Amino acid sequence: MKEQARDIIGKDGQKYTMKSINAANAEQFLDFMYQVSDDTHFMSRYGDEVGQSEKDIKEEEKRLQSLYDDSRQTMTSIFDNEKIVGNIAVRSIGKGRKTKHRCEIGLGVRKEYHGAGLGTILMEHAIDFAKNAGYTCMELEVLEDNTKALGLYKKMGFVESGKLPCGFKLDDGTSIGEISMYKLL
């Protein structure tokens, strides 16, 4: 969904811009995903799995534009000048009557911006967006060793609903449990 750009101030005192992104931001978004996926194992793929070819950019343009054009979904980013430093997606889980009340979120912040409060700002925005879009249940998954994200989600009112012990399997063979969480809106 198209949302107006607005200035925000991080806990670090720095001024950022938060806005919804669309096809025009595909290359910036893929760069962001590459970096955050390369910095940590908490993301659903490794950095080298984030495609950045012309074909990948074209596919991302279509995906981002689809989210931008949908009044019940959003891809909202925080920018430091022209660089995406944080992002949250709110996506419908289903369109049928039985599941249209549910949405899922995905959050990421560049490592060098951790501690600036951007995750909290993005979560507050996503919760408000979801309520206004008519969702009554918000869901997410988080790795059990991602203690900072778990703390943020609990602070925002999410509760655990289950755990998949083998949620992620890293290249070195390590298995990490994935915790499912939800928040009633």
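In this predicted model, Asp7 stands opposite Thr17 in strand β2. The two strands involved, β1 (residues 6-9) and β2, are paired in the antiparallel sense over four bridges. Together β1 and β2 make a hairpin, with five residues between them. Gly13 lies in the turn of this hairpin and has a positive phi of about 80°.

Strand β2 covers residues 15-20, and its side chains alternate between two faces. Tyr16, Met18 and Ser20 point to one face and are buried.

The next topic is the interior. In soluble globular proteins, nonpolar side chains tend to be buried together. Here the largest nonpolar core has 34 residues, and the members that touch the most others are Ile78, Ile105, Leu118, Met123, Tyr153 and Phe158. Elements that each supply at least two residues of this core include the strands β2, β4 (83-92), β5 (102-109), β6 (137-143) and β8 (175-184), along with α3 (118-132) and α4 (147-155). Of these, α3 gives the most, with eight residues.

Apart from neighbours within four places in sequence, Ile105 is in contact with Ile88, Ala89 and Val90, with Met123 and Ala126, with Met138, Glu139 and Leu140, and with Phe158.

Conventions:
Residues are numbered from 1 along each chain as its sequence is written. This is a predicted model: local features need pLDDT of at least 70, side-chain atom pairs count only at pLDDT 80 or more; totals for chains, interfaces and linings use all residues. Side-chain values use heavy atoms; hydrogens and water are left out. Buried means under 20% relative accessible area, exposed over 50%, partly exposed in between (1.4 Å probe, protein chains only). Two strands pair if DSSP finds at least two bridges between them. A nonpolar core is a set of buried Ala, Val, Leu, Ile, Met, Phe, Trp, Tyr and Cys residues joined through side-chain atoms within 4.5 Å. Contact means heavy atoms within 4.5 Å.
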